[in-house]
Amino acid sequence: MAPLPGAELVQRPLQLYRYLLRCCRQLPTKGIQEHYKHAVRQSFQVHSDEDNPERIQQIIKRAIEDADWIMSKLGMGAEEVPGQLRPSSRSP
């Protein structure tokens, strides 16, 4: 699965939040959707006091990449545990 349309337009934290919640609606089961909605809310709260514009853009970029990875893994029918962390090094 490719990122949802509009990923390239996400520039602000609120846009990211909405984008990620839309991504959650595309996940295969209600349980997985709720798990990732909770994770999105938690991450948003953790980073709510971030005021460095460069860091905010890094967070946005990484969140979109992570959402794409999760959607690809779960969309392909992989037997993933919803709380499992993504590997930090990606293979090409």
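1. In this predicted model, the side chains of Glu 34 and Lys 37 form a salt bridge, with an N to O distance of 3.4 Å. The two residues belong to helix H2 and are 3 residues apart, which means that about one helical turn separates them.

2. The partners in this pair differ in their surroundings. Glu 34 has a relative accessibility of 36% and therefore counts as partly exposed. Lys 37 has a relative accessible area of 16%, which falls under the 20% limit for a buried residue.

3. The pair does not stand alone. Over the whole structure, the search finds 4 salt bridges.

4. Helix H3, residues 53–75, contains a salt bridge between the side chains of Glu 65 and Lys 61, at 2.8 Å from N to O. Glu 65 and Lys 61 are 4 residues apart in this helix, so about one helical turn lies between them. Glu 65 is partly exposed at 25% relative accessibility, whereas Lys 61 is exposed, with a relative accessible area of 53%.

5. A further salt bridge in the structure links the side chains of Asp 66 and Arg 62, with an N to O distance of 3.0 Å. Both residues lie in helix H3, 4 residues apart, or about one turn of the helix. Asp 66 is partly exposed, its relative accessible area being 23%, and Arg 62 is likewise partly exposed, at 39%.

6. Two packed helices are described by the angle between their axes and the distance between the axes. The axes of H1 (residues 13–25) and H2 (residues 30–46) come within 9 Å and cross at roughly 170°. An angle over 145 degrees counts as roughly antiparallel, and H1 is therefore roughly antiparallel to H2.

7. Which residues make the contact between H1 and H2? From H1 they are Pro 13, Leu 14, Tyr 17, Leu 20, Leu 21, Cys 24 and Arg 25. From H2 they are Gln 33, Tyr 36, Lys 37, Val 40, Arg 41 and Phe 44. By residue class, the contact comprises 9 nonpolar, 1 polar and 3 charged residues.

8. Lys 37 connects two of the points above. This residue is part of the contact of H2 with H1, and its side chain also meets that of Glu 34 in a salt bridge. Lys 37 is, moreover, buried.

Definitions and conventions
Residues numbered from 1 in each chain as written. Predicted model: local features only at pLDDT ≥ 70, side-chain atom pairs only at ≥ 80, totals over all residues. Heavy atoms only, no water. Axes fitted to C-alpha atoms, helices over the stretch in contact; angles between N-to-C directions. Parallel < 35°, antiparallel > 145°, perpendicular 65-115°, else oblique. Contact = heavy atoms within 4.5 Å. Nonpolar A, V, L, I, M, F, W, Y, C, P; charged D, E, K, R; others polar. Buried < 20%, exposed > 50% of the residue type's maximum accessible area, 1.4 Å probe, protein only.
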